[in-house]
Amino acid sequence: MNPHTIWISCGVVRAEMEELHRRGLIDGELLFLDSMLHMDPPQLETRLTATLEQQKAGNGCLVMVYGDCSAHMLDLVRRFHVGRVSAINCAQLLVGRERYRQLMREEAFLVLPEWASRWEQIMKDELGLNKATAHDLMGENRGVLVYLDTGLASVPEQQLQEFSTYTGLPWRVEAVSLDTMLAALMSARTEALKEESA
């Protein structure tokens with residue numbers, strides 16, 4: 001019998017994780033950390049370490065739903081013998097490696113549903129980018145805003161238009177199935193079970 005699975009996930013994909021759980025496609029327990037911790041990687045690592053230490057004391061099979069979000073993610077995987085999704089970030093987790101590469105070649109800036117509602121807080125408060133600086137910076141490095149629509153919420157058109165105006169980039173919507181994410185989760189869980197039995 002497989003042990004209880006505990007998914008330790010970034011809150012940026014909370015709605016998607018909860019939907020997969022609701023559909024019965026993943027089982028176990030869902031734990032989320034605030035996606036804003038990405039703005040402070042050392043703090044994210046501290047919180048992840050504390051969560052892993054706490055959960056490792058039980059009998060659960062631990063899976064991290066995180067990409068390369070801090071400098072020592074692989075060290076955490078090795079130290080705690082847990083599984084982790086094979087993706088560099090949550091956007092790649094949703095669209096898959098090949099589509100992610102295509103979008104990066106297009107110089108797309110990918111906007112996840114949870115992130116879309118917080119764009120102003122991130123750009124202004126966390127990054128300190130006023131409109132002129134955001135316009136210049138994004139214009140030099142990106143060509144388009146692409147909202148990844150997982151179909152779990154209405155497309156926040158007004159917020160995307162405001163973000164577009166703030167950065168000077170056009171925006172569009174790309175529909176995303178949860179199938180790619182589910183496959184990555186299952187693969188990470190398989191790795192976690194191997195670690196458990198090693």
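Me: What are the axes of two helices, and what do the angles run between?
Reply: Axes are lines fitted to C-alpha atoms, for helices over the stretch in contact, and angles run from 0 to 180 degrees between N-to-C directions. This is a predicted model. In it, the axes of helix 2 (residues 41-56) and helix 3 (residues 73-80) come within 11 Å and cross at roughly 10°.

Me: Why are helix 2 and helix 3 called roughly parallel to each other?
Reply: Angles under 35 degrees count as roughly parallel. The crossing is at roughly 10°. Helix 2 and helix 3 are therefore roughly parallel. Helix 2 passes helix 3 in a right-handed crossing.

Me: Which residues make the contact of helix 2 and helix 3?
Reply: Helix 2 brings Leu44, Glu45, Leu48, Thr49, Leu52, Glu53 and Lys56. Helix 3 brings Met73, Leu76, Arg79 and Phe80. These residues divide into six nonpolar, one polar and four charged.

Me: Why does arginine 84 count as buried?
Reply: Buried means under 20% relative accessible area. Arginine 84 has 17% relative accessibility, so it counts as buried. Its place is in strand 4 (residues 83-84).

Me: What makes the link of arginine 84 with aspartate 68 a polar contact?
Reply: A polar contact is a pair of N or O atoms within 3.5 Å, one able to donate a hydrogen and the other to accept it. The side chains of arginine 84 and aspartate 68 make such a contact at 3.2 Å. The arginine 84 side chain also reaches the backbone oxygen of glycine 67, at 2.6 Å.

Me: Which residues does arginine 84 touch, not counting residues up to four places away in sequence?
Reply: Arginine 84 touches Met64, Tyr66, Gly67, Asp68, Met73, Leu74, Val77 and Ala188.

Notes. Residues numbered from 1 in each chain as written. Predicted model: local features only at pLDDT ≥ 70, side-chain atom pairs only at ≥ 80, totals over all residues. Heavy atoms only, no water. Helix = DSSP H or I, 4+ residues; strand = E, 2+ residues; numbered from the N terminus. Parallel < 35°, antiparallel > 145°, perpendicular 65-115°, else oblique. Left-handed = near helix turned anticlockwise from the far one by under 90°. Contact = heavy atoms within 4.5 Å. Nonpolar A, V, L, I, M, F, W, Y, C, P; charged D, E, K, R; others polar. Buried < 20%, exposed > 50% of the residue type's maximum accessible area, 1.4 Å probe, protein only.
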